[in-house]
Amino acid sequence: MRVDLPTFRAHTRAALADQLLQQSIENASGNFSDGREKALGDLPDSEALRDQLKLIRAATLANLTEHLEEFERNATAAGVVVHWAQDASEACEIVIALAKERGISQVVKTKSMVSEEIQLNSALEGAGIRPVETDLGEWIVQLAAEPPSHIIAPAVHKTKEQVADLFSDELGRSVEADIAALTAAARDALRGDFLSAQMGITGGNILVAESGTLVLVTNEGNGRMVTSLPPVHVAVVGIEKVVPSWEQAEVWLSLLSRSATGQPLSIYTNLITGPARPGELDGPQEVHLVLLDNQRSSYLGTQFEEMFGCIRCGACLNVCPVYTKVGGHAYRSPYSGPMGAVLTPLLFGKGQFSALPQASTLCGACLDVCPVRIDLPRMLLQLREEQVEAGRLPWLGVWVERAAAWVMTKPKLYRMLSLLARKFGGTRLAKLFIPFPIPEISQQTFHQLWKSRELEE
Amino acid sequence: MSARQEILNRIRAAAHPAPSILPLKPPIYANDLVTRFVTALEAAKGKAHLADNLEQAWEILRHRLESIQARRVVVSDQAPLKEVDLPAIFPEIEVSIARGDFKTVQKLCLAADVGLTNAQAGLAQTGSVVIHAGAGLSRQVSLLPDVHFVLLPAALLVPDLITWESVRPSQMPSQVLIISGPSKTADIEQTLVVGAHGPKRFEVILYGQR
Amino acid sequence: MAKTKVYLFTTCMVDQVYPQVGVAVVRLLRKVGAEVIYPADQVCCGQPFFNSGFTKEAKNLAEQNIDLLQDADAVVIPSGSCTAMIRVEYPKLFAQQPALLEKAKQLAAKTYELTEFLNNFLEILPLSEPNSRGAVTYHDSCHMCRHLKLRDEPRTLLQSSGFSIQEMEQSDRCCGFGGVFFTRMPELSHAMAQQKLNRATESGAEVVVTADPGCLMRMQLDSDGKQTIKHIAELLDEALRCE
């Protein structure tokens, strides 16, 4: 996968021409943003809470080893089997081996961005194991064979008519394009999968070191099904999701759903500490946790460490003037919007995704809403600087910028060129060569006007 | 070297001094936790009922079960739910206590239209109940039936998730579930639909004095 | 008492495209009693290069401007974006160079965005009858409202000059300029400007006003001619001349 400037511009043109897409992103981002503002407004002091969460994330990432080891110790004591995966393929292999050893050929899943990151579904299918996505939005994009387009609303780009077509095909009967009916159809269709599945696969929102607990936040109830009914529960979670104490996890949770969906808390906050214990009537017999690195550790201690404080709420997507025009698919990564424009090149290659750091006006709206106050504009700039240094930009543009900067350091030359440009037709000539609209230059520069009679005192 | 070792080595090499975390100023909450609980739960499309005592709670429950025309209720095997003669209180309704092995309990839960459980705490600010897994208990009672009713002593309300820390079990149970309303989704066109995979109706009866 | 020596940093965009904005700024500054000094060797604050990753080039320009402007009592800039560059980014650029850092901080401390500076002189500036002039809608430019936290200042000035403000939806949503962004992502930049202008039209105001030459340019490039888009200095100057 390569997303360079011309490719991204092509994606952009396609997205801008798609009226349905434009309408649906506009609605969704507006709803999410309004909800977020209202939900944070309900808190006694959301700003102080955000400051606190920023410190919590920074302090944890500074000493991640300590917290991961403590998590591992406590989770193991609670009966969780902890696995470590250096990269996507190791993580997929671990999950596949767990399924194969138990003769499992079908798994139920909850929405998980890490699962998208490591392309777990295609790995499972390749190994002959059928993954069933159970989050409504995720099921829709699975049936459409598309990636999710928003980190918390995977099918935000789909209309109810499109969903009705997908469901009718899948279920072999005509399903009405009515949202309640479609939701009911998914409930009926997936109930059987929940009851028969032998393995449930989830991501995880938070890992609490103090007790070895996995926190899983959902609204639909599928997360509870997946972690309560099958005898085996496997969670794949990035190593950065750990937090030392419950006190800190509670601060995190207090901001997560408010920032994501505008809910004070999601409907189900599921705190899982190991498999079912003796005497419990149900719950999984085995819980496995795969701790995924996949490049994360290589950015700790660097200028990009801050990025790994991200709690994946999606608030930055909803206010981004770029994301809200192009949608998630234009980024060709599970992580889109401002957080994706930084995280995607870090995880999947700065060379391959060279357009993404350019896909921003550096307006700063993302920083305004981030519950962790992650300075995304700073890191976008950092990536751009690296691109210049590594020669990843088109040479002509680089040459033009360098030349312009050089002229700017020579005021006399700058003034002379200004006069010359006006003598030889102003912007007309330049317009022949420049592939984007530019304004007419004025007849006189301000330098000239300053010396004119108009401004004499 | 194992993946674990390699990852931990890399992280250890990157460790650096951490910023210190300032303690949060204690937030100021409305005094009336019950009112806040009711408002928040109803905003999340749940429903709350207030009862002065347990007797009255049963009365409200009976009334609610009648009005939603419940026929089968599965009840969590815990006090005070199992200590009263439920068939006598709800003569029209088939009541079963969730006991037995996994499959037996599942059958009961799938056949029931209502699951009835306790909760170990309530969070006023978010209108949530906190339910612990434990020996003799089933997670399916609150999950599989279309309706979930919860009986919660009002005295167990705490202001919010952050203050819940003071009553959080020091040994975490295998599962602690914080439920803040009926299951829902807005995954299609951002339109809220109540009742996704979990219960479509979620009601809490708060009883007793605070 | 000696007049305040205000160094005017017009920005390269005003110099090349909107010199009349510079003229308006000079008149406004003189009205509030400043001695306006225009250092002839000024060119660019360096932001376009800084924002596109040419940090070395941006630092060269920053050093040049730090020298150029060091004798000022105050530096006034009719651009939120360029002001933010000098005030917020210059000190960061020289974080590792103590001597320059000190100078950068000194400059940052006396650099003001135009409306921010003028807000100190509300008793002098045209204080027209409320609503005696037309209705305008104000576009908050990104760096001005987010880096400099200036949201009320331009509105206060507009109102004290008799304009009424009809807010557009999401007045602080980016117009699509973004410096080098408008050259690298022209389609997107255009789409964002269209949305901005649609919202401005929906506000019902006759004039769209901004305090940033970059936004002014982006919006004018996309305006179908029906909309009047002006720099705030031009509007305030109009009010001044009608006094």
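**How many helices and how many strands does the secondary structure of chain B have?** Chain B has 6 helices and 12 strands, where helices (H or I, at least four residues) and strands (E, at least two) are DSSP runs numbered from the N terminus. Its C-alpha trace spans about 70 × 45 × 40 Å along the principal axes. This is a predicted model, in which local features need pLDDT of at least 70, side-chain atom pairs count only at pLDDT 80 or more, and totals for chains, interfaces and linings use all residues. Residues are numbered from 1 along each chain as its sequence is written, while chains are lettered from A and ligands numbered from 1 in the order in which they are written.

**Chain A in outline.** Here you can find 22 helices and 10 strands. Of the 457 residues in chain A, 57% are buried (20 or more other C-beta atoms within 10 Å of the residue's own, with C-beta atoms placed from the backbone).

**Helices H16 and H18 of chain A.** The axes (lines fitted to C-alpha atoms over the stretch in contact, with angles from 0 to 180 degrees between N-to-C directions) of H16(A), residues 337-348, and H18(A), residues 376-389, come within 10 Å and cross at roughly 40°. That angle makes H16(A) oblique to H18(A), since oblique covers what is left after under 35 degrees (roughly parallel), over 145 (roughly antiparallel) and 65 to 115 (roughly perpendicular).

**Where H16(A) meets H18(A).** Look for Pro338(A), Met339(A), Ala341(A), Val342(A) and Pro345(A) in H16(A), which meet Leu376(A), Met379(A), Leu380(A) and Leu383(A) in H18(A); contact means C-beta atoms, placed from the backbone, within 7 Å.

Definitions and conventions:
Contact = placed C-beta atoms within 7 Å. Buried ≥ 20, exposed ≤ 12 C-beta atoms within 10 Å, placed from the backbone.
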